[in-house]
Amino acid sequence: MYERNETDMFDIQKVTIDWAGRPLTLETGRVARQADGAVLATYGETTVLATAVGAKSVKPGMDFFPLTVNYQEKYFASGRIPGGYFKREGRPTEKETLTSRLIDRPIRPLFVKGFKNETQVVITVLSYDMENDPDVIGMVAASAALVLSGLPFMGPIAAARVGYKDGEYIINPTTDQMEDTELDLVVAGTNDAVMMVESEAKELPEEVMLGAVMAGHESFQPVLDAIVDLAERAAKEPWDFQPEDNSAELEALQALVGEDISAAYKIKDKGDRQDALAQARTKAAEKFVATEENPEGWSEVLFKDVFKSAEAKVVRGDIIKTGVRIDGRALDQVRPIISEVGILPRTHGSALFTRGETQAICVATLGTGEDEQYIDSLDGTRKEKFLLHYNFPPYSVGETGRMGGAGRREIGHGKLAWRALKAVLPTPTDFPYTLRLVSEITESNGSSSMATVCGSSLAMMDAGVPLTRPVSGIAMGLIKDPEGVAVLSDILGDEDHLGDMDFKVAGTTEGITSLQMDIKIAGITKEIMQTALDQAKGGRAHILDEMNKALDGSREDVSGNAPRIVTMQIPTDKIRDVIGTGGKVIRQIVEETGAKVNVEDDGTVKISAVDKEAIDAAYSWIHGLTAEPEVGVIYEGKVVKVMDFGAFVNFFGAKDGLVHISELAPERVKATSDVVKEGDMVKVKLLGFDDRGKVRLSMKMVDQETGEEIKREKSEGDDDGDDDKPRRRPRRKRDDD
């Protein structure tokens with residue numbers, strides 16, 4: 001029988017290095033051999049497959065680079081079967097969408113300018129060891145696959161995750177280490193520059209954040225060497241692609257409308273500026289675009305490229321030369337800010353934040369445990385109490401467009417704001433609400449995500465959420481040319497499109513809570529990042545001062561429209577008493593009191609309702625079901641049975657006790673019915689328990705009008721025992737014995 005030799009079918013190339021204490025292996029040649037590039041990356045016992053494929057020709061009329069990055073997690077990777085009816089992976093989860101964006105951002109700028117062939121990168125998680133997050137490994141694998149593919153990609157890049165604890169940076173912390181770290185930062189870059197940063201921090205200073213970026217950049221240098229080593233052995237021949245030289249066309253267009261473009265970009269109003277640019281564009285198109293009368297003219301695609309290049313050259317050159325920006329501001333100047341709170345009468349908390357021509361309506365809604373979001377992932381199912389949803393309708397930029405579900409942009413911007421605000425939230429113990437924030441962008445001209453951070457901070461304070469401190473955010477830009485470098489505070493949309501960097505920083509007076517950076521050039525240096533961070537700190541402080549004019553701290557109480565939540569703790573062995581068989585008891589509590597009741601596995605019970613009386617009624621009911629009565633305490637109860645020897649009183653939830661006939665009243669009682677009858681509400685004191693555990697109660701020791709205890713004076717012959725303890729009398733044989 002023929003025994004297959006792997007070398008007969010596969011040409012496997014493999015590189016293994018030690019990276020932050022664990023082996024990283026990059027392998028190619030075994031799987032996905034028809035892709036232009038394919039790499040299996042294994043770190044610890046987490047394995048991802050990354051493939052890269054580029055179309056061999058450009059679609060007619062393509063005027064942008066159609067790159068798609070798809071990151072997908074397979075549940076079999078962690079030995080799980082997906083939930084839901086179909087039991088298979090469905091549409092991308094939030095984690096998959098965010099990771100797709102995370103990988104896209106550092107690789108997109110490194111494709112040769114002018115390359116417009118459709119390109120797709122697919123990263124699939126095949127094995128997950130519950131310790132090493134696949135996102136960073138997927139980024140490394142994607143970079144390696146692109147380098148091997150022969151596509152015009154000027155990589156490689158690599159990435160690392162950085163944690164921070166006890167003054168020390170942790171490279172690629174495990175999931176257990178991440179639970180108590182003060183920082184979750186992912187940095188990607190090339191050998192000599194940083195390309196992308198994504199982070200969430202607990203109010204860390206600028207120098208710590210910058211140090212984390214540099215520590216991560218230094219840590220992945222061996223990974224870059226490993227990718228180059230693999231490429232030297234297995235890379236395909238580079239594609240024969242040469243970008244078009246449009247310098248002559250650019251010079252001709254600038255000669256015709258350069259001054260018009262420059263004048264247009266000195267107009268402060270966005271709408272008027274766009275009108276002026278449209279006139280310049282029409283003037284140039286009539287001269288250069290091919291028509292029946294001018295068949296030798298430029299194609300529409302070429303004209304769009306050249307006109308955009310002319311815009312960039314004019315705007316960037318003017319800013320570098322003059323230090324004055326499109327709307328007349330200085331480099332570090334923030335646009336005018338107006339903050340308003342409580343703008344919506346029936347919501348729990350609301351704010352309108354306006355900065356220049358960017359505006360967000362932010363609304364906070366307080367919910368109960370029933371409103372928590374269940375999130376299914378490779379780690380298992382968990383519940384999330386803090387939600388932030390960002391919406392960007394087309395009218396916000398004066399356009400028409402399709403309205404549908406949240407896209408990648410909406411999910412990414414919402415998560416950035418979520419990270420920025422998470423560090424200042426109260427603990428669930430102090431504030432047991434589920435919190436949902438919604439940001440409706442009503443105008444947009446630069447950094448609506450940072451407007452979301454500011455507006456959401458105000459909305460939460462308006463709702464009475466006890467934040468540690470308010471949070472503000474700012475977006476920074478960069479113009480980097482041979483003539484000079486300019487760092488811009490609070491960038492406009494045009495400065496974002498025509499500039500080299502989008503650098504967002506959010507934080508409090510104590511430090512940074514979130515930092516995100518995207519670069520459109522081949523990376524930036526430590527010195528530029530330091531300048532941007534320092535300039536952003538001043539901008540954040542200014543914005544925070546403007547926010548404080550509307551509201552400088554959380555309101556003392558939650559909105560009257562919001563539910564109240566009371567938390568109580570019961571013994572775990574009493575949970576079944578509260579829930580009842582098939583949920584019978586808890587349903588009865590909810591139906592009769594009108595309160596919502598949520599019981600957790602650790603015995604935490606959350607009772608919520610807008611009406612305080614409903615909460616009190618449910619609390620008393622549950623307390624009666626689960627607590628143990630205390631000797632010496634006075635209770636109010638209901639007489640449920642009258643006997644010759646005394647009365648049984650239901651005094652503590654479902655608990656009954658006996659008031660002996662001798663304890664009904666201070667004077668001698670001939671018949672129990674002379675004092676009480678069934679249905680009477682009485683006040684009793686718990687005397688104790690007899691040898692059989694039966695409850696002994698007393699009415700005569702309690703003033704039935706006021707509920708106050710009656711102290712009995714000692715008389716001669718009393719023993720020195722407790723005044724509350726009844727004197728023993730000789731036992732008489734009774735019929736009830």
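Predicted model: local features only at pLDDT ≥ 70, side-chain atom pairs only at ≥ 80, totals over all residues.

Start at Cys362. Its sulfur lies 8.8 Å from the closest cysteine sulfur, which belongs to Cys454, and that is too far for a bond. A disulfide would need the two sulfur atoms within 2.5 Å. Cys454 is likewise in no disulfide, with the sulfur of Cys362 as its nearest cysteine sulfur. The disulfide count by this rule is zero.

Now the whole protein. Buried residues account for 51% of its 737 residues. The secondary structure consists of 16 helices and 29 strands.

On to overall dimensions. The radius of gyration is 35 Å, whereas a compact globule of 737 residues would have one near 27 Å. Along the principal axes, the C-alpha atoms fill a box of roughly 125 × 80 × 50 Å.

What about contacts between residues at least 6 apart in sequence? Of those, 67% join residues at least 24 apart.

Last, surface and charge. The protein exposes about 36500 Å², and carbon and sulfur atoms supply 48% of that area. There are 90 positive and 125 negative side chains. The centres of the two sets lie 5 Å apart.

That's the tour, and I'll stop there.

Key:
Residues numbered from 1 in each chain as written. Heavy atoms only, no water. Helix = DSSP H or I, 4+ residues; strand = E, 2+ residues; numbered from the N terminus. Rg over C-alpha atoms; globule rule 2.2 N^0.38 Å. Buried < 20%, exposed > 50% of the residue type's maximum accessible area, 1.4 Å probe, protein only. Contact = heavy atoms within 4.5 Å. Areas by Shrake-Rupley, 256 points an atom, 1.4 Å probe, with all protein chains shown as cover. Lys, Arg positive; Asp, Glu negative; His and termini not counted. Charge placed at Lys NZ, Arg CZ, Asp CG, Glu CD.
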